[in-house]
Amino acid sequence: MTLTTVLLLAAALIGIGIYGALSQQSFVMLMMGLELILNGVMLAAVGFWAMSGAGAPEGQLLTIVVMAVMAIEMAMGFALVVAVYRGKQADVTEAIADLRH
Amino acid sequence: MAVSWLARLAARAPVPVFPALGMRGEEALYRLALSPDIKRVDSPRHASLLLVAGGVPPSMQQALRRVHDQLPAPFTTLWYRSAPLVELPQAAVTTVDSLDALPGALVESHGRLLRNTVGRSPRLLPDAPPHPWQGLGDDGHGGEGMMGGVPYGRPMAMPPTADLRDGLALDILTFRLGPFFPLWPPGFEAEVTLQGDIIQQFSVRSSPFPRALAPVFHEARERPVAIAVLERARARHHLQALFHALHLAGLEDLARHALRLADTCPSGDIVLLAKWFTAFERRLRRRGFFVLHLPKCGALRKKQAESQGGFAARAAGIERDVRAEDDGYRRLAFSMMTQQAGDTRARWRQRLAEIAQSFDLAARAQRDDMHTAQTDAVETPRGAWHDTRPKDTSHLLEDLLPGLEWGEALATLASLELAALSPWPREEPAETPEEGAA
Amino acid sequence: MNFPLAVDIAFILLALFAVYTGWRVFRTDSMVRASFFLLLSFIAVGAIMLLLSAMYLGVAMFFMMGVEMMVMALFMVMFMMNPAGLNPMMMVHQHRLAIGAGIASFVIVAAMALLARFPHRPLPADLQAVPSLGNELLGESMLIFESVGVVLLATMIGVVVLSSQRGRYGNAGEGSMPPGLEPGGEPAGMPAKDDEEGGGHHHCH
Amino acid sequence: MILDQLVWPLTWVLAALVLGPYLLAVLDGLVARSLGPTRGPGIWLAPLSRGAWWLIQHTNVTEAPDGRAWRLAPALYLALAAGGLALVPWSRTWVATDIATSLVLWGSIEALATVVIFLQGWSANTHLTLVGAYRYVALGLSYILISMFVLIGVALPAESLALTQVITSQQELWNVLRQPLGLPLFLIVGLAITFRGPFNLADSTDLAGGTSADVSGAQRLVWEFARSAMLVAFSGIATTAFLGGWLGPWLPGPLWVAFKMLAVLALLAWLGPAFARITPERCVSLMWVVLLPLAFVDLIWAGVEALL
């Protein structure tokens with residue numbers, strides 16, 4: 001386990017996440033892609049903290065902040081889905097192509 | 001060797017029995033519940049004995065086959081006053097006609113089942129999905145388009161109606177339960193549409209079997225009968241209904257207690273009974289039957305309550321009781337009790353109060369040897385029986401249950417008596433009649 | 001930095017598991033299964049964090065993601081058809097583009113990992129990871145921590161407002177109708193006949 | 001060294017994992033006997049004969065289940081319970097999993113239990129089990145919140161997230177007295193997470209067995225065993241967090257832990273059948289409106305106490 005291997009794993013997770021976020025039609029699956037990207041980001045942050053940052057506490061802090069961002073992303077995402085679903089009975093991305101009115 | 005050792009150990013456990021109740025099979029259920037050697041279970045998957053009690057009409061035999069096939073092997077069947085399915089092999093069938101022999105027969109069948117392999121019941125239906133779909137259609141999903149498939153004969157779940165609570169629609173789930181679902185009245189079958197655990201639609205597919213009453217209610221239509229006997233039978237009926245509600249509430253020991261009280265009703269010392277019942281009622285309250293378990297919903301509207309009659313009407317504030325018009329009861333200073341809310345909780349308050357009242361009336365009637373005066377109408381526990389017997393009212397549920405949570409719906413169902421009254425009285429065990437009046 | 005052999009083996013297995021489950025997320029019919037595959041991927045990454053001696057973060061990952069994915073699975077059941085994966089279906093668009101973007105981003109990040117030179121400064125032997133995180137959160141970076149807290153609170157309020165009953169069309173419980181799918185059309189997703197009982201009878205609260 | 005850190009703690013964990021559920025079943029039998037007549041092979045043999053019957057019974061299949069998840073769910077629940085038991089410190093040195101954040105790890109076990117219980121109900125692909133699973137998820141989140149706040153309360157005086165530190169901080173006064181709200185709240189959560197007694201909403205009678213309604217044979221044995229083991233793990237954590245763990249005069253620490261766990265189990269076994277099952281709606285109200293604010297009070301209490 002070296003920094004390079006940890007970062008490679010993070011890269012793989014980010015790649016899969018981007019594929020998912022772009023390819024999925026449903027909101028919730030799209031959010032899953034985003035979560036997978038953030039998963040890779042967190043792993044990279046911890047990797048840097050442990051092997052290149054000499055245990056500087058900011059590395060851990062960054063990860064905590066990313067976790068909070070994930071929670072916020074999910075909560076807002078679901079709230080938007082609920083609002084859109086109530087309004088338009090749509091739960092796939094194409095259905096709200098014109099989100100103006 | 002090891003297996004036989006295991007089997008011998010297993011044979012010492014209480015026998016897990018799934019009762020499938022046919023017509024007039026309730027007595028068997030009450031007997032089972034009081035027998036400590038037997039554990040009555042609510043899911044056929046948890047049983048190793050299928051007890052079919054009472055007659056099963058031909059239209060329900062296919063459903064019975066399905067229940068039969070759900071029991072995990074090894075299992076066997078026992079038939080109490082019921083004709084076994086013809087395709088079952090002789091070895092897998094035990095028939096019993098006497099209530100007293102029933103617990104013993106169950107224990108014996110179970111022991112035989114575990115000791116040796118003969119007597120195991122075979123599967124009756126083919127183990128195949130009712131609707132073939134694999135390999136059909138565009139993507140092998142049995143249909144056309146992205147989501148047109150109907151695997152297992154079920155179309156894709158889509159919310160058909162507006163959500164009843166907060167506008168957030170879960171995918172719906174439609175299924176049929178019954179006629180042998182043990183938490184419903186015997187014979188009752190319904191199609192339920194759930195969203196989460198909120199009932200969206202409830203449609204009755206078959207009405208419950210008519211309910212047989214104690215013979216004294218039938219005698220009361222022909223000649224004056226002792227009020228004490230009548231009231232004891234009424235209390236017994238309500239206590240037996242309470243058994244189901246307490247089982248549903250998870251209060252097993254109190255449920256059995258209610259049943260034991262019910263069994264002492266016909267002949268026990270009435271003063272003692274009344275005292276026991278007061279103590280029992282106190283325990284019910286203390287252990288949260290009302291506060292924790294009974295929902296404050298399932299209220300009948302005025303018209304529904306009127307059509308339902310009996311205690312359900314009185315729980316909704318409708319003062320109607322044939323007993324108030326009977327001279328015999330008037331001399332006992334009978335006073336009608338009512339509740340206002342008309343919901344599930346009020347119905348049980350009403351029923352418990354009526355049990356206590358029955359004991360009180362029976363005690364006084366017994367002292368003075370009072371008899372009923374009129375024979376053209378009798379107040380049965382199910383409702384007033386004038387010219388016609390109380391009819392089946394299970395269609396009420398279609399209106400009453402949607403919007404309730406599953407647990408609330410079952411508690412509501414258990415608080416009502418919807419089955420029609422059977423034209424024939426219940427066959428009483430030998431010890432019941434006349435003694436109480438003496 | 002040298003880890004014992006057991007740690008290396010564990011890392012390789014966990015890494016493979018994380019990638020495999022992450023990939024399965026987008027390859028399964030059932031949305032519930034998808035969210036639990038994602039959970040497994042998170043758990044594997046959390047375990048790798050534990051191997052990297054980030055004791056709090058790894059464990060926090062388990063419970064944060066446990067709850068988050070459970071909620072996600074439930075939302076799947078609420079909004080998607082086909083919650084249990086009974087009906088096979090494929091719900092993707094711009095598939096080629098997505099695959100290309102995924103591979104491209106992997107290549108770029110991996111190239112960075114392989115080509116860039118990072119300083120080699122491992123954890124000090126006497127570092128106590130959890131107290132150091134706590135001191136940072138409630139000391140130097142108090143402001144960040146508090147801002148995150150305030151943002152979370154704001155999110156909660158925003159979410160409740162966004163998803164509450166009372167929307168643009170009035171209170172959902174009082175028979176407000178969503179707009180039609182085309183202008184002037186029938187209300188979307190509503191039954192044709194209306195329920196003459198009204199709401200009051202259905203609720204018992 | 002190896003004996004102290006590996007062999008003994010693991011032995012105790014395995015013993016607790018095997019004996020704990022058995023003793024809980026015996027206690028349940030005693031409670032049932034006190035409530036009414038029971039017959040059968042006697043208090044000590046009854047759990048074994050029930051287990052033997054489950055072993056003889058075949059495991060059934062439902063129509064098109066998610067096979068892997070369905071078979072795995074009981075085993076995963078058992079694994080979570082075992083993980084919880086491994087966190088319990090038996091004495092100052094006998095700790096199977098001694099990490100700096102064991103308190104948080106217990107929290108994540110509770111969170112993952114929600115997922116596993118949902119899986120058990122969902123993967124059978126039958127209606128009543130699915131309703132049980134929904135119910136548990138709707139309620140499980142509130143259980144976890146309450147237990148988290150209560151456990152943060154015990155971490156405050158210890159100034160650590162490690163359970164061993166939590167015990168040493170109770171040297172003078174056990175947390176059950178220092179934070180009187182903590183233990184009752186935690187025990188209620190324990191009953192709720194293992195769905196027993198009044199909180200048996202996931203495996204309830206109105207669902208004919210709920211999430212396990214369609215499970216039979218060995219699979220059911222594992223599920224019921226895991227449920228009991230989870231309660232045993234709960235009693236272990238309750239002992240550690242509130243009853244001073246290994247602290248106590250005369251006897252060696254591990255025995256004290258075992259006694260205290262048994263006492264907690266006896267209390268829970270008695271509480272279980274004492275009350276009627278609460279309706280799900282009232283349960284949600286109870287959790288969010290009554291117990292969660294109480295957990296806040298407990299936390300504030302602990303904070304003020306730690307500052308003084």
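In the predicted model, helix α2 of chain A meets helix α2 of chain C through a defined set of residues. On the chain A side, these are Val28(A), Met29(A), Met32(A), Glu35(A), Leu36(A), Asn39(A), Leu43(A) and Val46(A). Their counterparts in α2(C) are Met31(C), Ala34(C), Ser35(C), Leu38(C), Ser41(C), Phe42(C), Val45(C), Ile48(C) and Met49(C). The residues of this contact divide into 13 nonpolar, 3 polar and 1 charged.

The geometry of the pair was also computed. Two packed helices are described by the angle between their axes and the distance between the axes.

Chain C contributes 78 residues and chain A contributes 61 residues. The largest share comes from α4(C), with 13 residues. By residue class, this side of chain C divides into 57 nonpolar, 17 polar and 4 charged.

Chain B holds an open sheet of 3 strands. The strand order is β6-β7-β8, and the pairing is antiparallel. The edge strands are β6(B), residues 172-177, and β8(B), residues 198-206. Each edge strand pairs on one side only. From one strand to the next, the twist averages 15°.

Strand β7(B) covers residues 189-195. It pairs with β6(B) in the antiparallel sense over 6 bridges. Within this pairing, Thr174(B) has Thr193(B) of β7(B) as its bridge partner. Strands β7(B) and β8(B) also run antiparallel and are joined by 7 bridges. Here, Glu189(B) has Ser206(B) of β8(B) as its bridge partner. The hairpin of β7(B) and β8(B) has 2 residues between the strands. In this hairpin, Gly196(B) takes a positive phi near 65°.

Methods: Residues are numbered from 1 along each chain as its sequence is written. Chains are lettered from A and ligands numbered from 1 in the order in which they are written. This is a predicted model: local features need pLDDT of at least 70, side-chain atom pairs count only at pLDDT 80 or more; totals for chains, interfaces and linings use all residues. Two residues are in contact if their C-beta atoms, placed from the backbone, lie within 7 Å. Helices (H or I, at least four residues) and strands (E, at least two) are DSSP runs, numbered from the N terminus. Ala, Val, Leu, Ile, Met, Phe, Trp, Tyr, Cys and Pro count as nonpolar, Asp, Glu, Lys and Arg as charged, and the others, Gly among them, as polar. Two strands pair if DSSP finds at least two bridges between them. Axes are lines fitted to C-alpha atoms, for helices over the stretch in contact, and angles run from 0 to 180 degrees between N-to-C directions.
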